[in-house]
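User: Hi! Could you walk me through this one? I'd like to start with the packing and then look at the charged pairs.

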Amino acid sequence: MTNRRKFIAQAILGGLGLSVGQQGKAASRWPISGLASEPAVISTWNNVAANRKAWKVLKKGGRALDAVEQGVRVAEANPEDMSVGYGGRPDRDGKVTLDACIMDEEGNCGSVCFLQDIKHPISVARLVMEKTPHVMLAGEGALQFALENGFERENLLTEDARKSWEEWKKESHYQPVINIENHDTIGMLAIGQDGNLSGACTTSGAAFKMHGRVGDSPIIGAGLYVDNEVGGAVATGLGEAVIKTAGSFLVVELMRQGMSPQAACEEAVRRITRKQKGYEDFQVAFLAINREGKAGAYSIHKGFMYALSRQGGHEVVDAGHFI
Ligand code: SD4
């Protein structure tokens with residue numbers, strides 16, 4: 001069972017004017033079996049600022065697709081978030097290379113991977129979806145497409161990220177560190193007032209990865225999957241492990257078969273622990289929401305949490321864990 005850590009009683013949503021105490025009361029009802037049309041935003045880790053931005057879009061009656069794009073852009077622009085966009089840790093050659101994807105309620109999707117020098121890969125992914133006959137653009141081609149569409153080239157390597165790379169180079173040892181190295185990739189799912197679902201996922205990937213390495217985050221079905229009839233799922237953690245099990249697709253398919261979002265996330269994690277050696281040494285976490293608005297999350301190791309926003313407030317919830 002999810003162990004709930006309740007806090008953040010700050011933002012007041014939906015013009016309800018609830019006091020902090022009332023919010024606490026509202027929070028204890030979550031997750032609720034709300035109406036399909038009850039808007040919600042859910043995202044990996046504790047990125048409440050991103051949720052807030054997404055919520056603003058939903059509150060005005062905007063599309064869930066716009067909400068998730070706007071929401072994850074907050075993380076992409078934040079230099080302190082060292083796993084996403086600007087300020088992301090570089091690969092072993094000192095290059096910041098970004099992966100992102102987006103999916104809407106009709107199953108349309110767009111993705112970029114191994115993209116450099118562009119601060120908002122999620123918006124490039126959206127344009128791939130909307131303006132091209134393709135789903136995924138990589139590397140130079142993705143950059144060219146971005147530049148042709150008005151995105152500006154920017155240096156994304158911050159001083160802090162450069163220093164951590166210099167530090168890493170002293171030993172050049174590649175070993176994922178649970179909940180540290182892989183912390184902060186943002187996967188976000190939203191349900192709009194019209195009941196439609198969309199999702200987005202964006203990351204700078206595993207720190208100090210091999211140049212050219214692409215993780216799960218830009219891969220539809222691995223880092224993100226949305227089916228408007230069922231629900232959506234996102235993944236974070238060691239991308240290779242998520243890809244091997246087609247993680248987010250698996251979670252959505254388990255929900256389609258009748259599992260709750262929580263049970264589906266638990267089964268997907270167990271699938272990894274049953275089939276993949278060395279799971280004790282890496283983290284994978286899944287986060288899901290079904291179209292009734294029920295949420296669930298589960299990870300291999302302790303330490304994963306998610307931000308949940310609904311009418312009434314934002315909260316950060318600790319996920320259950322296998323080990
Ligand atoms: C990757 N899944 O590239 C990403 C990393 C991640 O939080 O989730 N970081 O493997």
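**Packing and charged pairs**

Analyst: Happy to. Let's start at Val251: beyond its neighbours within four places in sequence, Val251 is in contact with Ala233, Ala264, Cys265, Ala268, Phe286 and Ala288. Keep in mind that this is a predicted model.

User: Thanks. Which residues have the most contacts inside the largest nonpolar core?

Analyst: Val251 is one of them, together with Ile42, Leu224, Phe282, Val284, Phe286 and Tyr306, in a core of 48 residues. Strand β9 (residues 284-290) gives this core its largest share, six residues.

User: And what does the second core include?

Analyst: That one is separate and has 34 residues, among them Ala54, Ala67, Ile102 and Ala190.

User: Leu224 was on your list. Are the residues of β7 buried or exposed?

Analyst: Buried, on both faces of the strand: Leu224 and Val226 lie on one side, Tyr225 and Asp227 on the other.

User: What does β7 pair with, and in which sense?

Analyst: With strand β8 (residues 231-237), antiparallel, over four bridges. Leu224 sits opposite Val234 of β8, and the hairpin between the two strands runs through three residues.

User: Switching to charges, which residue forms a salt bridge with Asp227?

Analyst: Arg256, with the closest N and O atoms 2.8 Å apart. The pair links distant parts of the chain, since Arg256 is in helix α8 (residues 247-256) and Asp227 in strand β7, 29 residues apart. Asp227 counts as buried because its relative accessibility is 16%, under the 20% cut-off. Arg256, at 37%, counts as partly exposed.

User: How about Arg270 and Glu266, where do they lie?

Analyst: Both are in helix α9 (residues 261-275), four residues apart, or about one turn of the helix. Glu266 is buried at 15% relative accessible area, while Arg270 is partly exposed at 31%.

User: Why are Glu166 and Lys169 about one helical turn apart?

Analyst: Because they are three residues apart in helix α6 (residues 159-169). Glu166 is partly exposed at 31% relative accessibility, and Lys169 is partly exposed at 34%.

User: How many salt bridges are there in the whole structure?

Analyst: The search finds 18. There is also a network of salt bridges linking Asp66, Glu69, Arg126 and Glu130.

User: Last one: how many helices and strands are in the protein chain?

Analyst: Nine helices and 13 strands. Of the chain's 323 residues, 59% count as buried.

Conventions
Residues numbered from 1 in each chain as written. Predicted model: local features only at pLDDT ≥ 70, side-chain atom pairs only at ≥ 80, totals over all residues. Heavy atoms only, no water. Buried < 20%, exposed > 50% of the residue type's maximum accessible area, 1.4 Å probe, protein only. Pairing = 2+ DSSP bridges. Core = buried A, V, L, I, M, F, W, Y, C linked by side-chain atoms within 4.5 Å. Contact = heavy atoms within 4.5 Å. Salt bridge = Lys/Arg side-chain N within 4 Å of Asp/Glu carboxyl O.
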